[in-house]
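Colleague: Could you take me through this two-chain model, with the cut-offs stated as you go?

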Amino acid sequence: MKIGAYEDSGSARTLLSVECLKKYFESRSGFLSRQVRLVRAVDGVNLRVFKGETLGLVGESGSGKSTLGRVVIRLEEPTEGRILFDGRDVHRLPKEDMRSFRRDVQIVFQDPYASLNPRKSAENIIGEPLTVQRICDGRERRERVVRLMEVVGLTPDQMRRYPHEFSGGQRQRIGIARAIATNPKLIIADEPVSALDVSVQAQILNLLKDLQRDHNLTYIFISHDLRVVENMSDRIAVMYLGKIVEVAECGMLCGEPLHPYTQALFSALPVMKPGERKERIILEGDVPSPVNPQAGCPFHPRCRYRIRVCETQVPALTRTGKGRSVACHLIGNDASGQGEEERGAVI
Amino acid sequence: MDFWTRFKKNKLALGGSFIVVLFFVVSIFAPLLSPHDPGEINLQNVLAPPSADNPLGTDELGRDVLSRMVWGSRISLKVGFASTGIAILIGIVLGAVAGYYGGWVDSFIMRAVDIMLCFPTFFLILAVIAFLEPSIWNIMAIIGLTGWMGITRLVRADFISLKEREFVQAARAIGAGDMRIIFIHILPNAMASILVAATFGIAGAILTESALSFLGIGVQPPTPSWGNILTAGKDNIDIAWWLSFFPGLAILLTVLGYNLLGEGIRDSLDPRLRG
């Protein structure tokens, strides 16, 4: 398939590259308090997304995966670092190029009840990108909306209806139709099926796959549901406390997770075959607050393999093999020295 | 259950809308409904009690009270709608800007609201009217210019919560500009509470206009308004009760009607808001 060929990642295959990205939020503790606390939602992420692939982004809630998505699509400005889309810095685009960026990168939100304007009809919701981007209007717009509705599996006679008249799955289809209206290259799917019933989830996932095949789309697929990510992704990146702890091709990561956190995640999946048993790794404690991160590896307080260096040094995301990078002192040969700022550790 | 089903079940709200519609019809068809010319003086028939010819009696110059009240309803409605319109316009613009952009703009506008709220509005109006000549236009303007604070706060609160909603984020992601997001995406979703506030605002404005006219600094005679009919009534209250009773009743009913309507709309829009 498409995987493998990017091994020696020619930049021609790279659609999006995230470099040392940080996004901190300020939170004031009280009304008059001068004390500003920093929430490190995304804390030094390096990532590449290749053309035509689906990159799964997993992590528990609060790991910063949605924030990462929102910075990539420029709904938030980064605190540090940059994002290159087609080789150009997203957050420094001149106004005209920004317009075409909005056309090329789209987002599908988690909650189909909140992501559609309750006062607009399906036609207006799906057609709005066409109007805003000045692609077409009037009768031509209506024709394209009809086609888009057919593509996502809605019947065009529903286009005068308002969001509350649709089911959850239908609304998500409207959201997807809106996202593909401008023929984007990259779609960020931010937990697109988490709010849906399992039976509807499968339909939406299949729709996303079909669209990817027919329109040559690239996805960043954000989810906390390992099964869904496993099903959708070519590669998977695992986030923990604002950092990426492991990136690998899907089969590799699911078959043999290397990072202790990834191992714990996958051990939590229920066993599907009767009789088969596997070890359950129970993580102790909670995810530490991203407000005051401790020194060292973000995972060390909960890691059962921790050694002394884990408490003092942040492990860099290091390449350990073909198409695989792990940020752990115990894996690979690089336990000394490389800070998280190290730029070489992309993938 | 949708809005209309709930609204129709609310008897008080229906009563309120009936009153509102009734006064609307009366003011629109004033020339047809008034039995006499409201300015026609008849010194032979001064302070006459209600009779077949003058259903609500006559005033101290022999003018027909019913005709004057019918024409006066136009003033009340004009002032009510125009001044509330001004207040809403200011409120929407300032509230939208404050809520959407936040930061120092928000602080600045909200402090301006706080300052305006510090003035006892009625005395502020009195002071301003003392400098300007009392005309219906000035009354509209001054009531509107002192009544926007509540709506500003309301709109701001709605904008703050709505701008974080995902459909607004989605609009931003497709490249919609601030103006499009404010007016096409957020404002229509804030209209419901604005409508409710407007209904209450109209009631308040009608009351203020009547009070100003009663004090003689509102609508000037001979133009009839409910407030200035009351003024004339106050001097003759011991011999001509009808001169104060009917305009007072009209003011009471109109204000009640708008308030009931406003409450009805609010409760039907969202039953959880009932308070």
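Predicted model: local features only at pLDDT ≥ 70, side-chain atom pairs only at ≥ 80, totals over all residues.

Modeller: Residues are numbered from 1 along each chain as its sequence is written, with chains lettered from A and ligands numbered from 1 in the order in which they are written.

Colleague: How many helices and strands are there in chain B?
Modeller: Helices (H or I, at least four residues) and strands (E, at least two) are DSSP runs, numbered from the N terminus. On that basis chain B has 12 helices and zero strands.

Colleague: Is α4(B) mostly covered or uncovered, and how many of its 37 residues are buried?
Modeller: A residue is buried if 20 or more other C-beta atoms, placed from the backbone, lie within 10 Å of its own, exposed if 12 or fewer, and partly exposed in between. Across the 275 residues of chain B, 44% count as buried. Helix α4(B) is mostly covered, the number of its residues that are buried being 28.

Colleague: How far apart are the end C-alpha atoms of α4(B)?
Modeller: The expected span of a helix is 1.5 Å times one less than its number of residues. For the 37 residues of α4(B) this should come to 54 Å, which agrees with the separation of its end C-alpha atoms, 53 Å.

Colleague: At what angle do α4 and α8 of chain B pack?
Modeller: Axes are lines fitted to C-alpha atoms, for helices over the stretch in contact, and angles run from 0 to 180 degrees between N-to-C directions. The axes of α4 (residues 65-101) and α8 (residues 149-163) of chain B lie 7 Å apart, and the packing angle is about 35°.

Colleague: Which strands stand at the edges of the sheet in chain A?
Modeller: Two strands pair if DSSP finds at least two bridges between them. The open sheet of four strands is ordered β2-β1-β4-β5, with antiparallel pairing. Each edge strand has a single partner, so one side of it is left without a neighbour in the sheet, and these strands are β2 (36-50) and β5 (88-89) of chain A.

Colleague: Which element gives the most to the side of chain A that touches chain B?
Modeller: Two residues are in contact if their C-beta atoms, placed from the backbone, lie within 7 Å, and the contact takes 19 residues from chain A and 14 residues from chain B. The elements of chain A that give two or more residues are α2 (95-104), β6 (105-108) and α3 (122-132). With three residues, the one that gives the most is α3(A).
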